[in-house]
Amino acid sequence: MRVVLFDIDGTLIDSGGAGSRALRRALAVHYSLREDVDQIQFDGKTDPQIVREILAWFNRDDLFSAEEMPSFFSLYLSFLREELSDGPGFRILDGVRELVTTLYQREDFLIGLATGNIQAGAQLKLARARLGQFFPFGGFGSDSEDRTELTRKAVERAHEHAKGKIDNIFLVGDTPRDIIHGKEANVITIAVASGNFSSKMLASYKPDLVLTGLDPVEPIIEFMSL
């Protein structure tokens with residue numbers, strides 16, 4: 001059995017900025033924070049980490065406690081539903097549907113998620129893409145702010161779902177953080193330059209494989225099957 005863990009944003013889908021717009025709206029309503037937050041890079045970070053870093057930029061991170069998170073993210077999810085429904089630019093990236101469908105149909109593969117999205121947010125994005133049925137488990141930003149830990153949680157859940165011995169675990173992602181934290185979690189890393197980072201940049205972090213995209217799917221499946 002081989003397990004493939006996928007990142008979501010920039011790897012499976014381009015949400016057209018729906019997530020960042022929803023987050024900004026939630027920050028404005030919940031914390032009255034309407035200042036520009038473009039100086040905070042979102043790529044590869046967990047949702048709680050992003051919120052904490054934004055609030056820290058304005059010296060307000062003391063407001064983001066464990067008790068505060070549920071109410072904030074409830075508001076965020078309500079805005080995310082609206083943005084995914086009404087916002088422009090949402091698309092499934094090339095090769096994704098074919099790759100996911102092919103792996104899902106094979107008995108020797110099990111696919112899941114390793115994403116910085118909180119679980120409910122991940123589910124909303126995958127539902128919009130009509131991909132949710134392919135991912136029965138994962139590790140999420142709601143499991144841990146630390147990407148290594150959420151990847152380990154995904155691995156743990158993979159073992160719970162696997163019907164037999166797991167031979168290899170792969171992680172497919174589009175950012176340096178996917179590579180860094182994937183290596184720390186001892187999985188095989190596949191970097192895909194379908195997000196905001198070039199193949200050259202991703203290659204400098206020494207993943208096990210670098211791709212320009214997930215199309216065509218045959219060489220990817222061949223690599224995973226070795």
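Among the elements that line the second largest pocket, β4 (109-114) gives the largest share, three residues, and both α4 (96-105) and β4 supply at least two residues each. Helices (DSSP runs of H or I, at least four residues) and strands (runs of E, at least two) are numbered from the N terminus. The model is predicted, so that local features need pLDDT of at least 70 and side-chain atom pairs count only at pLDDT 80 or more, while totals for chains, interfaces and linings use all residues. Residues are numbered from 1 along each chain as its sequence is written, and side-chain values use heavy atoms, with hydrogens and water left out.

A pocket is an open set of points, on a 1 Å grid over the protein atoms alone, where a 1.4 Å probe fits, with protein on both sides within 12 Å along at least five of seven lines; its lining residues have an atom within 4 Å of a point. Volume is the space filled by probe spheres set on the points, which are joined across faces, edges and corners.

| Pocket | Volume |
|---|---|
| Largest pocket | about 620 Å³ |
| Second largest pocket | about 230 Å³ |

The lining of the second largest pocket includes Met 1, Tyr 104, Phe 109 and Lys 163, and divides into eight nonpolar, one polar and three charged residues. In this division Ala, Val, Leu, Ile, Met, Phe, Trp, Tyr, Cys and Pro are nonpolar, Asp, Glu, Lys and Arg are charged, and the others, Gly among them, are polar.

The largest pocket has 32 lining residues, with Asp 9, Gly 10, Ser 15, Phe 42 and Asp 43 nearest its centre; seven are nonpolar, 14 polar and eleven charged. Its largest share, four residues, comes from α1.
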